[in-house]
Each structure stands twice: as C-alpha cells, then as structure tokens.
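User: I would like to learn how to read packing in a protein model. Can you walk me through helix pairs and a sheet?

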Amino acid sequence: MINFLPVILGGDVGAYALAREFNDAYGVKPILVTAYNPLPIRDTAIARRHYCPGAAEEKPLVNDLASLGQQLKQEDPGRTLILMANTEWRIQVLARNRQKLETWYQIPIPSLETIEKLNDKESFENLAHQVGIDTPLSFYQDFSASDQPDWKPQPLPQELAFPLVAKPAQSAEYEQLMFEGRKKVYRISSQEELEHLWSTLRKAGFRGKFIAQQLIEGDDTQMYSITAYVNKKGAVSFMASARVLLEEHHPATLGNPCAMITTPISHILQPAKRLLESVDYHGFANFDVKQDPHSGCFYFLEVNPRIGRNSFYCLGAGINPMKEMTDDLLQVSQEADQGQSPIQSSDGQTRVASGEILYCLIPHRLLKKYIQDPALLNQVNSLIRSHRTVDPLINPKDRSFKRRLYHWESGISHYRKFHTYYPKPTATGF
C-alpha cells in the first residue's frame, strides 16, 4: 500500500483534474489549497479543501504550506507528501522556496534555473533551434528601462510583417499584472495597434520582455498540445499529444484549449523529447505547437514547466499521468496501461498514450458549431456516438445534485462567453 498524500495549489478545472487522476489511480483524496471555493471543486467528494487566504502572495502561501506540511507529517510521519502546482507563478514560487518546502514535501519540478531558461520564450527559442525545432520568427521588446523618461520601444525588424501575435516572454511576471484591456495573447494588425500596446504595458508597470511573433495562419484546429513527464533519471518516460479543436476566447483565458482529440504525432513528440532530454529537467512539461496549414510545418510556440490545465486528456488516451509521476517518485514498479505504445528514449523507453478520444470541457453542441472542416466534424460525431469522450468534471464518484447543477451552470457560462467573445468561427481563430 502506497502511503502518500498529494497537496495541490489551486481550485480550477485543472486542479480538479489532477485530484481526480490521483483519486482514480489510488483512491486517495488530495488536499486543494485555495483562497476561495470555485465551482470546479465546490462540494467535491474526491478531495478536501484547505483554506489559505494569502494564496495569491508568495510569503503567506509558503508559510501556510510549511505549516500544513508540518501538521500533516505530525499526523502520519511515514506518509510522503507530494506538492504540485499548475500555473507559472506558483511553479516559480515553489522553485524559489524549494529548500524550505522540501522539509515536508516532494516537489516534482525542475530547478529554478531550468524553469527560467524554458519559461523565457527567447531562451526557449534558442534551445529549440539547437535541437532542430522550428519556431515562428519573433522579436523581443525589452521594457526593463521603460520607467526612464527618454525610453522608446525598439522598431520591429523588417522581416516581420503584420498581422502579429504579441504575448509576454515570461508568463509568471505578467500573471500578477492587472490593467484595463489586459489579454493573455494579443493579435496586432497594424503599427498603430502595436504602439498602443507598448504604451499600455509601459503605463501598467510591465518591466519584462514582450514578444511580437509571426502569426501562423489557421484557426484553433491547427494547434496541438504535448504533455510529457521526465523521470528522476532525466529521461522522458511518458508522452501524450492531442489536436486542439477549440480554444477559449475570453481575454483572461485566451488560448486555453477546451476541446481536443487525442492522437500520437511522432513529428512533434520526438523533437519535444529531444529538447527535454537536452536540459537538466525533472517533472511535467506542456508544449504548444501550431501547424502551418499551407506548408504542413510544425512550429513550437512555447513549453511550460507544468502539466497544463488539460492533463485529463492523457488519462483519456490511456495513461494516468499522476500514476506515472507518483510511481517514479516513490519508485513503484509500473503496471501496463491501456492505449499506449513505446518510443525509444535515451534511458529505456518512453510510453506514449495512443488512444483516440474526444476531450471536451464545453457542451458538445457548442463545440460542433465551431468546427468548419467536414472531415473533422465527422470524426467528432463518431467519437461522441461511440461514447469515446471525457470531461474531468463528469466524474461517476462526484455526481451529487449540487455537482450536476454546477456543471450545468458551467455549460451556460460557456455559451455566454463564446457568444460575447467569439460568436462565429474565423479562419484565424481571432
């Protein structure tokens, strides 16, 4: 019997998915550390919530986690505590405070140096090119000296043409910045729009780097996701990939996939594995990749040093990622999962989740409204008819009346948000 307890920071659908993956694999009830009680975890029977009023601030959060770890260890000294986070800021908080927190917890994340190297899109681009990975043409605007009265933004290089995509080079420092009109990703159509964005960021107090990047054509269905786990030996032991069908379009969550079809794609899995095994890495990684609809070329946009909000698609495709991680941390022998195929790794084999399922967080009827490719729509309909669909929030262990009501409210909210921010599908996804 494995004696361990997961402690998960956050309470969104991604945190619930992690809790469910642990619960499905081991029957354990993880602890969710939050400052509030959002719908995805409210009244859940598979986890318990720990109230942390300072969860959005580094020092109070770390102190609370230390107190919680001490308490849990006193209750059961032989129990292993696994501490997880799934946002850029929280991951960095754990990395910065690793020495203090590892008194009580195992923390399966890379070193702070590796996190910063991969989190920074300019550094990631350089690493990608070293291992033969294509990335979009990019320009990095540095705001570190923008509080000086004579500061002026640098002009774009001539080879970059509008429209462009603009986003922070490091998500963690942008996550905590709030201002009117703030978006996760910006589509820039002209020099005037770009200058307005630079001015807005400067006034808001942004002092990092912002990237202006070549817009790869195509809608949301040209996007792909990769999830990987690097074990204690530094080898990629597990991978999964999925084709995105639709992303969220609310400004605060723009770019987060809400529907995908799982499928193993060696053209992107192998390069991702090469990159992860070329650096000092341990833990989960999540890649965003976009395919050019004209050339067929795959462009890697970024890698996040965390599993990502949509980790449950991995379980749907055949491998439970929390079991993969826990068995590695606690050195438990692997049992075969369904829907997997191996690819060669630098240290043995990498198991690839190869089942085909529809992962969907929104009502199916709403999803089908946005799929313009007839062949893709037929594939979606076929998966729905054969009941090969998963949603982490539709859990047989968590089907109380209140939970069903929350899920119904969530569906209504999705209709409302898409009607407001993305009423009709477009050729670009913007």
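Predicted model: local features only at pLDDT ≥ 70, side-chain atom pairs only at ≥ 80, totals over all residues.

User: How do I describe two packed helices?

Analyst: Two packed helices are described by the angle between their axes and the distance between the axes. Take helix H1 (residues 13-26) and helix H11 (residues 321-329). Their axes come within 8 Å and cross at roughly 70°. H1 is therefore roughly perpendicular to H11. The crossing of H1 past H11 is right-handed.

User: Which residues of H1 and H11 meet?

Analyst: From H1 come Leu18, Glu21, Phe22, Ala25 and Tyr26. From H11 come Pro321, Met322, Lys323, Met325, Thr326 and Asp327. By class, the residues of this contact between H1 and H11 are seven nonpolar, one polar and three charged.

User: Now the other pair. At roughly what angle do the axes of H3 and H5 cross?

Analyst: Helix H3 (residues 88-96) and helix H5 (residues 112-119) cross at roughly 155°, and their axes come within 9 Å. Angles over 145 degrees count as roughly antiparallel, so H3 is roughly antiparallel to H5.

User: Which residues make that contact between H3 and H5?

Analyst: Glu88, Ile91, Gln92, Ala95 and Arg96 of H3 meet Leu112, Ile115, Glu116 and Asn119 of H5. The H3 contact with H5 divides into four nonpolar, two polar and three charged residues.

User: On to the sheet. What is the order of its strands?

Analyst: General idea first. Strands of a sheet pair through backbone hydrogen bonds, either parallel or antiparallel. Here the sheet is open, has four strands and runs in the order E6-E9-E7-E8, with antiparallel pairing. Strand E6 (138-142) and strand E8 (186-188) stand at the edges. Each has a single partner strand, so one side of each lacks a neighbour in the sheet. On average, neighbouring strands of this sheet are turned by 25° against each other, direction ignored.

User: How many bridges join E7 to E8?

Analyst: Three bridges join strand E7 (residues 164-168) to E8, and the two run antiparallel. Leucine 164 stands opposite isoleucine 188 in E8.

User: Which strands does helix H6 touch, and which does helix H8 touch?

Analyst: Helix H6 (residues 121-130) packs on the sheet and touches E6, E7 and strand E9 (209-214). The direction of H6 makes about 150° with that of E6. Helix H8 (residues 191-204) also packs on the sheet, touching E6, E7, E8 and E9. The direction of H8 makes about 140° with that of E8.

Key
Residues numbered from 1 in each chain as written. Heavy atoms only, no water. Axes fitted to C-alpha atoms, helices over the stretch in contact; angles between N-to-C directions. Parallel < 35°, antiparallel > 145°, perpendicular 65-115°, else oblique. Left-handed = near helix turned anticlockwise from the far one by under 90°. Contact = heavy atoms within 4.5 Å. Nonpolar A, V, L, I, M, F, W, Y, C, P; charged D, E, K, R; others polar. Pairing = 2+ DSSP bridges.
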